[in-house]
Amino acid sequence: MKCLNCGYESEIDQNQILCPKCGGLLEIIVEPPRDFSFKNLQGKGVWRYKDLIPGEYKTLVSINEGGTPLIQSTNINRNLYFKFEGLNPTGSFKDRGMTVAVSSAVSLNYRTVIAASTGNTAASAAAYASRAGIKSFIVLPKGKVAIGKLAQSILYGAIILEVDGSFDVAMEAVMRLYRDLRIVYPLNSFNPWRLEGQKTIAFEIVEEIGVPENVIVPVGNAGNIYAIWKGFNELLKTGEIDKVPRMIGVQAEGASPIASAIIKGKDEPEFTDNPDTLATAIRIGKPVNWKKAFKAIKSSNGSAIIVSDSEILESQKDLARKEGIGAEPASSAALAGYYKALNEGIVNKDEKTISILTGHSLKDPDSMAKAPSKRILVNPYYIEKIITGEINGFNS
């Protein structure tokens with residue numbers, strides 16, 4: 001384990017979450033088994049890759065997460081693929097990390113977990129805590145969480161603590177609580193063990209289609225882009241692959257501290273106290289994993305892209321009406337980023353590119369309702385006339 005801030009190093013210790021010397025973020029550096037091969041693996045989902053997941057787990061808390069479909073585009077570009085994480089048990093990629101983090105918590109004899117959230121982490125943490133038979137506290141920014149995600153947290157039985165302010169205020173509270181009071185186990189992505197589950201996205205991509213040229217990831221708190229990059233790098237160590245794809249991070253223009261800095265060539269993000277975007281899952285002004293995201297993007301010769309809310313909604317509509325995929329706005333930011341990357345020459349249409357769709361459209365029903373549609377109140381006797389009129393290109 002190595003601290004990104006002060007350089008502190010130690011042997012892998014499952015009890016360590018933050019650097020014991022300076023409180024900075026820790027990286028878990030995995031040396032894969034020399035004889036690792038996909039051919040030797042059994043099962044499916046996240047724990048299929050247990051040989052590359054460090055730590056000791058007395059109990060695996062799993063809801064059969066992972067194994068999500070990699071869907072080739074039919075109508076946008078045949079070289080574009082969608083990794084649809086919305087088909088995880090609670091509807092987002094968070095489940096991959098949560099199975100490892102909650103399994104770790106249980107193995108370390110914690111009986112209570114906590115997480116700050118924009119919504120998806122809350123739903124996932126609550127579900128996995130319930131599966132484990134332990135208590136969960138969820139800290140949410142009041143009035144700023146999509147109803148689908150809030151409803152999930154309620155259903156799974158979490159104790160919900162709402163704060164006045166942004167997600168970043170909630171996150172600061174959780175980190176302070178963990179530092180001062182070690183009786184609760186944190187499930188946010190500053191916990192490096194959670195990212196060990198999320199890196200399996202890379203493993204599944206490689207098993208299915210090999211190494212793409214580009215992987216486009218929506219960036220909020222910035223753990224996922226690093227985790228996926230980490231997964232590719234570990235496969236590079238095994239010899240299973242001989243290159244790592246370019247990692248391209250996408251942020252909404254009202255919440256783009258990382259992308260703005262990278263585009264301007266700066267070494268630190270431009271934090272904001274008031275992030276604003278309809279893509280609530282990435283409405284984060286002070287991403288805790290920014291150093292990890294910078295490392296993933298820069299070391300892979302990747303890029304960062306900023307997209308507008310209108311571009312996000314248009315891409316959400318395209319995913320649904322051109323590809324039949326229902327994704328929440330934050331996920332759709334990845335497709336919006338792909339469009340912009342093509343226009344700006346960052347990626348080529350002939351390159352194999354993966355767009356990570358992080359969450360299901362049902363997470364945010366309000367955003368779905370914003371899509372333009374024809375809704376007609378009709379006398380049932382006129383349905384035939386309306387349908388034939390639509391088919392023939394006229395209305396009467």
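Phe36, Phe38, Tyr49 and Phe203 come together as one aromatic cluster. This is a predicted model, where local features need pLDDT of at least 70, side-chain atom pairs count only at pLDDT 80 or more, and totals for chains, interfaces and linings use all residues. Residues are numbered from 1 along each chain as its sequence is written, and side-chain values use heavy atoms, with hydrogens and water left out.

In total there are 8 aromatic pairs here. To count as a pair, rings of Phe, Tyr and Trp (its six-membered ring) need centres within 6.5 Å; planes under 30 degrees apart are stacked, over 60 edge-to-face, and the rest tilted. Two of the pairs are set out below.

| Pair | Centre to centre | Angle between planes | Type |
|---|---|---|---|
| Trp47 and Tyr57 | 5.3 Å | 70 degrees | edge-to-face |
| Tyr226 and Trp229 | 5.7 Å | 40 degrees | tilted |

Trp47 and Tyr57 both sit in the loop between β2 (26-27) and β3 (70-72), so their pair ties together parts that are 10 residues apart in sequence. Strands such as these are DSSP runs of E, at least two residues, while helices are runs of H or I, at least four, all numbered from the N terminus. Tyr226 and Trp229, by contrast, belong to helix α7 (residues 223-238), 3 residues or about one helical turn apart.

How buried are these rings? Buried means under 20% relative accessible area, exposed over 50%, and partly exposed in between (1.4 Å probe, protein chains only). Trp47 is buried at 13% and Tyr57 is buried at 17%.
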